[in-house]
Amino acid sequence: METRPSTFDPDYVRQAQELYAEGLTDRELAAAFGVSRSTIFRWRAAYPEFAEATRLGKDVADDRVERALYERAIGYEEEAVSVYYPTGTTEPVIVRYQREVRPDAAAALQWLRARRPGLWARPTPPPEKDRNWAEELRKAAARVANRKSPESHEALRYHARE
C-alpha cells in the first residue's frame, strides 16, 4: 500500500518556532499550515528538528507568561497615558505618568504553587472512608419506600396547607 508523500516543508521548522513563540497552540499552528493537529504530531515524531523548534518556541512563550505572572505577583510600575480635551481647545492634552500596579495575591499564590509545590500545593482532601455501599443502598431504599406510603402523602398535604 502506498502512502501519500508528506506535505512537510523544511521552512516549517523556523515558522513553527516563531509562531509558538507568539503563543499559538497546536490547533492554531495546524490551521496556519493548513493541516490537521494529528499531522503536527506526526511531523514532530518524524522530524526531530521540527520537534525541537516547537519545544523551543513554546519555551519562549512560557517564559514570557512566567515573567508576567511574576511581575503581577510582586507588583510593578508602568507608563500610562491620559488624554484630555479641555473646554475651548481644539488640541488634546496628553499626560504621561507612572502608574503603580499593586501586587496580586492570587498571582503570587499561583507562582508559589508552581515553583514550590511541596510548601504551597493545595491540601489534598482526606481519603474517603471505606463505605458500606450495601448499607447505603438499603437506607436509600427505605427512605424511598417511606415516601410512597399513603400516610406520608397525607402528611405532605397537611403541611402544604399551612
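Student: How many helices and strands does the protein come to?

Tutor: Eight helices and two strands. This is a predicted model.

Student: What pattern does the protein follow along the sequence?

Tutor: Reading along the sequence gives α-α-α-α-β-β-α-α-α-α.

Student: And how much of the protein counts as buried?

Tutor: 17% of the 162 residues.

Student: What about contacts? How many join residues at least 24 apart?

Tutor: Take the contacts between residues at least 6 apart in sequence. Of those, 42% join residues at least 24 apart.

Student: Let's look at helix packing. At what angle do H2 and H3 pack?

Tutor: About 95°. H2 covers residues 26–33 and H3 covers residues 37–46. Their axes are 8 Å apart.

Student: How would you describe that angle, parallel or perpendicular?

Tutor: Roughly perpendicular. Angles of 65 to 115 degrees fall in that class.

Student: Which residues meet there?

Tutor: H2 brings Asp26, Arg27, Leu29, Ala30 and Phe33. H3 answers with Arg37, Ile40, Phe41, Trp43 and Arg44.

Student: How do the residues of that contact divide, nonpolar, polar or charged?

Tutor: Six are nonpolar and four are charged. No polar residues take part in the contact of H2 with H3.

Student: Next pair. How do H3 and H4 pack?

Tutor: The angle is about 115°, and the axes are 5 Å apart. H3 and H4 are therefore roughly perpendicular to each other.

Student: Which residues in H3 and H4 meet?

Tutor: From H3, you have Ile40, Trp43, Arg44 and Ala46. From H4, you have Pro48, Phe50, Ala51, Thr54 and Lys58. By class, the contact of H3 with H4 has six nonpolar residues, one polar and two charged.

Student: Which residues line the largest pocket?

Tutor: Arg4, Pro5, Ser6 and Thr7 are among them. The lining also includes Val35, Thr39, Arg42, Trp43, Ala46 and Tyr47.

Student: And by class?

Tutor: The lining has five nonpolar, three polar and two charged residues.

Student: Now single residues. Where does glycine 75 lie?

Tutor: In the loop between helix H4 and strand E1. H4 is 48–74, and E1 is 76–84.

Student: Is glycine 75 buried or exposed?

Tutor: Buried, because its relative accessibility is 17%. The cut-off for buried is under 20%.

Student: What is glycine 75 in contact with?

Tutor: Val101, Arg102 and Pro103, leaving aside neighbours within four places in sequence.

Student: How far apart are glycine 75 and proline 103?

Tutor: They are 28 residues apart in sequence. In space, C-alpha to C-alpha, they are 3.9 Å apart.

Student: And serine 82, where is that found?

Tutor: In strand E1. Serine 82 counts as buried because its relative accessibility is 18%.

Student: Which residues is serine 82 in contact with?

Tutor: Val93, Ile94, Val95 and Tyr97. That leaves aside neighbours within four places in sequence.

Student: Last one. Which helix does leucine 112 lie in?

Tutor: H5, residues 105–115.

Student: Why does leucine 112 count as partly exposed?

Tutor: Because its relative accessibility is 22%. Partly exposed sits between the buried cut-off, under 20%, and the exposed one, over 50%.

Student: What does leucine 112 contact?

Tutor: Pro117 and Trp120, with neighbours within four places in sequence left aside.

Student: And how far is leucine 112 from tyrosine 70?

Tutor: Their C-alpha atoms are separated by 9.7 Å. Along the chain, leucine 112 and tyrosine 70 are 42 residues apart.

How values were computed:
Residues numbered from 1 in each chain as written. Predicted model: local features only at pLDDT ≥ 70, side-chain atom pairs only at ≥ 80, totals over all residues. Heavy atoms only, no water. Axes fitted to C-alpha atoms, helices over the stretch in contact; angles between N-to-C directions. Helix = DSSP H or I, 4+ residues; strand = E, 2+ residues; numbered from the N terminus. Parallel < 35°, antiparallel > 145°, perpendicular 65-115°, else oblique. Contact = heavy atoms within 4.5 Å. Nonpolar A, V, L, I, M, F, W, Y, C, P; charged D, E, K, R; others polar. Buried < 20%, exposed > 50% of the residue type's maximum accessible area, 1.4 Å probe, protein only. 1 Å grid on protein atoms, 1.4 Å probe; cavity = no way out; pocket = protein on both sides within 12 Å on 5 of 7 lines; lining within 4 Å.
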